[in-house]
Amino acid sequence: MAKSGSSKSLVIVESPAKAKTINKYLGPEYEVQASMGHVRDLPSSGLNIDIEHDFEPTYEISRGKKKVINSLKSAAKKCDRLYLATDLDREGEAIAWHLAQLLNMPDENTYRVVFNSITKDAIKQAFSDPGKLNMDRVLAQQARRVLDRIVGYEISPLLWKKVARGLSAGRVQSVAVKMIVEKEREIRAFDPDEYWLIPAVFTTETDKDYSADWKAFLESAEDEKKGRTLAEQYEWLRERNAFKAELTRVNGDKFHADNEEDAHKIFNAIRNGSYSVADKKVKRVSSRPSPPFITSTLQQAAANRLGFTAKRTMSVAQQLYEGVELGSMGAIGLITYMRTDSTHISGEAISAVRRHIGSDIGPNYVPEKPNFFTSKKGAQEAHEAIRPTDPSIKPGDAKPYLNDQQFKLYDLIWRRFVACQMEKAQWDTTTIEIEAKTEIGPCTYRTNGRVQVFDGFTRVWRNTSNDQDLPSMEVSDPLAAVDVNAEQHFTKPPARYTEASLVKALEREGIGRPSTYASIISTIQDRKYVEKLKNKFYATDLGEVVTDKLAEFFPKIMDIAFTRHMEGQLDEIEEHHLDWVNVLNEFYGPFKENLETAKEEMKHAKAETTPSEYTCPECEAPMVYRFGKNGRFLSCSKYPDCKFACPCDREGKMVKEEVTEHKCPNCEKPMVVKSGRFGKFLGCSDYPQCKTIMNIDKEGNVQPPKAPPEPTGIKCYKCKKGELVIRQSKRGPFLGCNKFPRCRTIVSMKQLDNLKKLQEEGKWPPETWEEADEMLGRKKSAKKKSKKKKAKKKTAKKKTAKKKTAKKKTKKKTSPKTESE
């Protein structure tokens with residue numbers, strides 16, 4: 001393959017950033033190039049899997065990658081050896097295999113190098129002992145890809161027919177949507193229970209009455225809705241030797257009150273009682289640091305502490321892994337590989353961080369033995385946890401060279417890793433029991449407080465604490481009540497999923513893998529199956545309908561246990577040589593049967609109705625819920641005899657139309673506020689007899705109607721039927737076909753005069769799109785390209801000739817003394 005006498009090696013990675021960092025550590029005998037991600041995949045249209053012949057996939061070069069492949073092939077011809085240095089997970093192994101297939105380098109000269117971090121030592125070590133492609137890992141990835149294509153390609157068209165156009169189903173994404181839908185229904189079905197609490201505030205200063213001061217303090221909060229923060233309350237109480245406590249027992253029995261009468265009977269008795277310290281317990285407790293990050297815990301912590309989405313977290317982590325320019329130090333990979341489920345830490349990394357803790361934080365913060373953490377079952381221990389490649393590069397030192405997001409994430413990763421190898425934090429916890437002597441018997445209050453005696457790992461990894469400081473007191477000390485209250489409460493429904501809790505749930509249930517969580521969460525939002533409001537996930541009407549259809553006809557695919565089983569099977573293919581074809585055969589037989597049944601029996605979503613609690617205001621027949629292009633709505637059950645319909649909110653409650661002061665310009669009836677795909681608008685109250693609509697802005701003001709497109713008389717070159725008209729957009733006017741949306745031709749406004757001239761000369765519209773692009777200056781003709789290439793070659797020859805002349809001249813001018821130096 002290589003030219004005789006050549007000893008160059010070609011190294012291929014995924015990205016230019018990674019290539020730049022690695023190139024710094026390899027000598028001139030290596031040429032490092034980037035594949036720019038995946039280079040080959042299943043074609044986007046068609047199944048492209050031969051199910052009858054062992055699920056043989058048909059691959060094609062990915063769109064826009066032919067130029068990259070040609071460049072890599074050209075480089076490979078000049079090299080003796082090929083090193084595939086793509087990421088160390090399944091995706092990386094698959095990219096490496098596709099590259100090997102396309103470049104066709106002999107097997108004996110093709111090597112696979114993997115490294116957990118992009119540092120000088122890691123790169124040197126990887127290249128000193130290269131391996132070969134792991135075909136089990138490649139086949140596991142191929143099985144996943146084929147499995148996902150079969151599910152998506154076979155079910156998605158069914159959803160187009162039975163629900164709405166443009167929908168898709170996915171083996172993993174559909175189960176994730178199901179989890180959110182089930183949570184939605186749990187919340188909807190939740191019936192709150194009433195309960196009462198009788199909290200109290202006590203002080204050791206029995207000669208003072210702080211009751212009025214405490215009430216005034218609470219009422220003087222700047223934000224009346226939120227009130228005083230817990231920290232503010234604890235500070236106020238600390239200054240007055242006061243503290244909060246909760247009622248736990250009444251006359252020896254556990255306190256419980258589920259109605260106002262019972263609660264107030266106890267409250268009135270306590271309010272008139274006398275109080276003293278009944279018991280005091282002090283105990284020294286310690287807290288161990290959390291393990292270093294794996295992919296899922298990094299995504300959770302970044303969501304909770306930084307407000308990052310899973311997608312953003314992985315994107316920023318990728319930048320930190322591939323390398324960041326750190327001034328005179330050059331490009332450095334700051335963290336280890338970010339797709340991992342292992343908490344393993346190498347011996348070298350442990351030694352390095354222990355040295356850093358001892359010298360930079362203090363020797364008393366270094367535990368006698370390193371802290372070790374157990375990974376979850378099935379984790380790949382060959383991988384490492386996510387950690388800084390060099391703990392001596394502190395976040396503050398790197399900050400001038402990082403953008404805001406990079407700094408925040410690096411700071412999070414660095415702190416978590418350093419903290420995981422530090423000493424335990426220690427607290428003295430105090431538990432106080434207060435006895436209230438009342439007419440109904442003794443009532444017991446309990447309170448807790450703790451004081452940190454050694455900060456340990458919390459010096460680096462801070463945890464928010466709402467512990468109150470307790471005043472000094474001993475058993476039998478009298479206390480005074482500052483405040484005693486009877487408070488009504490109701491049990492709360494299950495919490496909605498956030499990004500962090502959804503990642504945690506996916507990991508717990510074995511849905512997907514760490515590397516796929518971000519794409520799963522992103523996809524289900526893009527498909528409009530769920531939406532995120534105030535950082536919480538809500539299932540949409542569309543998500544519920546699709547989930548119900550799939551659960552009815554494809555119970556296995558929608559079963560969490562089966563999805564977990566399939567993930568386990570893919571792991572078995574990689575780790576224990578399980579036959580990937582057998583795995584797919586076992587899946588496909590039952591799936592095919594379900595598919596045929598669904599095609600015959602699945603009803604269209606728009607034909608199905610669900611009863612509601614409302615009656616039609618026009619004919620008094622029961623109202624039902626129907627599904628339309630904008631989601632769920634209420635409709636008369638006697639449709640089409642009665643055509644009354646109205647929108648409903650997320651909970652299914654009827655939304656009454658808001659009548660406005662505006663009159664319909666066509667029939668003069670009142671205009672009402674309606675909601676559509678693009679937000680709120682005004683529609684005539686006489687709909688469907690009158691279909692007039694008016695656009696409104698966010699404040700509800702009517703917007704002037706858009707000016708109609710201005711005709712130009714120029715024929716459209718794509719559809720040959722329409723004409724180009726002048727339309728308006730945010731960026732200004734442009735030319736578009738008047739047959740939109742069937743024809744989506746767009747031409748720059750700058751071409752207007754040119755097109756008029758060409759049409760007058762009989763040259764417009766041309767026969768082909770390629771000719772049109774050439775006339776519009778979008779593509780250069782072959783003649784112009786060849787002329788430019790020749791011109792470039794001439795210029796290059798001239799430049800090399802000039803360089804040679806310059807070298808000769810300098811040699812003549814240079815003195816022998818200078819040459820010898």
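This short talk walks through one protein chain, from its overall layout down to a few single residues.

What we are looking at is a predicted model, in which local features need pLDDT of at least 70 and side-chain atom pairs count only at pLDDT 80 or more, while totals for chains, interfaces and linings use all residues. Residues are numbered from 1 along each chain as its sequence is written, and side-chain values use heavy atoms, with hydrogens and water left out.

Let me begin with the whole chain. Its C-alpha atoms fill a box of roughly 105 × 90 × 60 Å along the principal axes, and its secondary structure comes to 23 helices and 33 strands; helices (H or I, at least four residues) and strands (E, at least two) are DSSP runs, numbered from the N terminus. Of the 821 residues, 45% count as buried, where buried means under 20% relative accessible area, exposed means over 50%, and partly exposed lies in between, with a 1.4 Å probe and protein chains only. Those areas come from the Shrake-Rupley method.

The chain is divided into domain 1 (8–133), domain 2 (170–190 + 496–599), domain 3 (194–216 + 231–288 + 426–490), domain 4 (295–423), domain 5 (609–703) and domain 6 (710–776), with bounds that come from an automatic or database domain assignment. Taken over C-alpha atoms, the centres of domain 3 and domain 5 are separated by 54 Å.

Next, the charged pairs. Side chains of opposite charge can pair when their charged atoms come close, and the structure holds 40 salt bridges, a salt bridge being a side-chain nitrogen of Lys or Arg within 4 Å of a carboxyl oxygen of Asp or Glu.

One of these joins Asp87 and Arg339, whose closest N and O atoms are 3.9 Å apart. Asp87 sits in the loop between strand S7 (81–84) and helix H3 (90–103), and Arg339 in the loop between strand S15 (331–332) and helix H12 (347–361), so this pair ties together parts that are 252 residues apart in sequence. Asp87 counts as buried, at 6% relative accessibility, whereas Arg339, at 21%, counts as partly exposed.

Asp411 and Arg415 also meet in a salt bridge, at 3.1 Å from N to O, but here both residues lie in helix H14 (residues 404–420), 4 residues apart, which is about one turn of the helix. Asp411 is buried at 18% relative accessibility, and Arg415 is partly exposed at 30%.

A further salt bridge brings Glu433 and Arg446 together, at 2.6 Å from N to O. This pair links distant parts of the chain, with Glu433 in strand S16 (residues 425–438) and Arg446 in strand S17, 13 residues apart. Salt bridges that share partners also join Arg90, Glu93, Arg112, Arg137, Arg513, Asp571 and Glu574 into one network.

Which residues gather in a patch of negative charge on the surface? They are Asp50, Glu52, Asp54, Glu56 and Asp579. Patches of this kind are made of residues with over 30% relative accessible area and no salt bridge, like charges being joined within 9 Å. One member, Glu56, is in strand S5 (residues 56–57) and is partly exposed, with a relative accessible area of 47%.

Leu247, in strand S11 (residues 242–250), is buried at 7% relative accessibility, and its C-alpha atom is separated by 6.0 Å from that of Thr444, 197 residues away along the chain.

I will finish with two peptide bonds. A cis peptide bond joins Phe740 and Pro741, with omega about 10°, and Pro741 is found in the loop between strand S32 (732–737) and strand S33 (746–747). Another cis peptide bond joins Trp764 and Pro765, with omega about 0°, and Pro765 lies in the loop between helix H20 (752–760) and helix H21 (769–775).

Conventions:
Patches are made of residues with over 30% relative accessible area and no salt bridge: like charges are joined within 9 Å, nonpolar side chains (Val, Leu, Ile, Met, Phe, Trp, Tyr) within 5 Å. Accessible areas come from the Shrake-Rupley method with a 1.4 Å probe; for residues, only the protein chains shown count as cover. Lys and Arg count as positive and Asp and Glu as negative; His and the chain ends are not counted. The place of a charge is taken as NZ of Lys, CZ of Arg, CG of Asp or CD of Glu.
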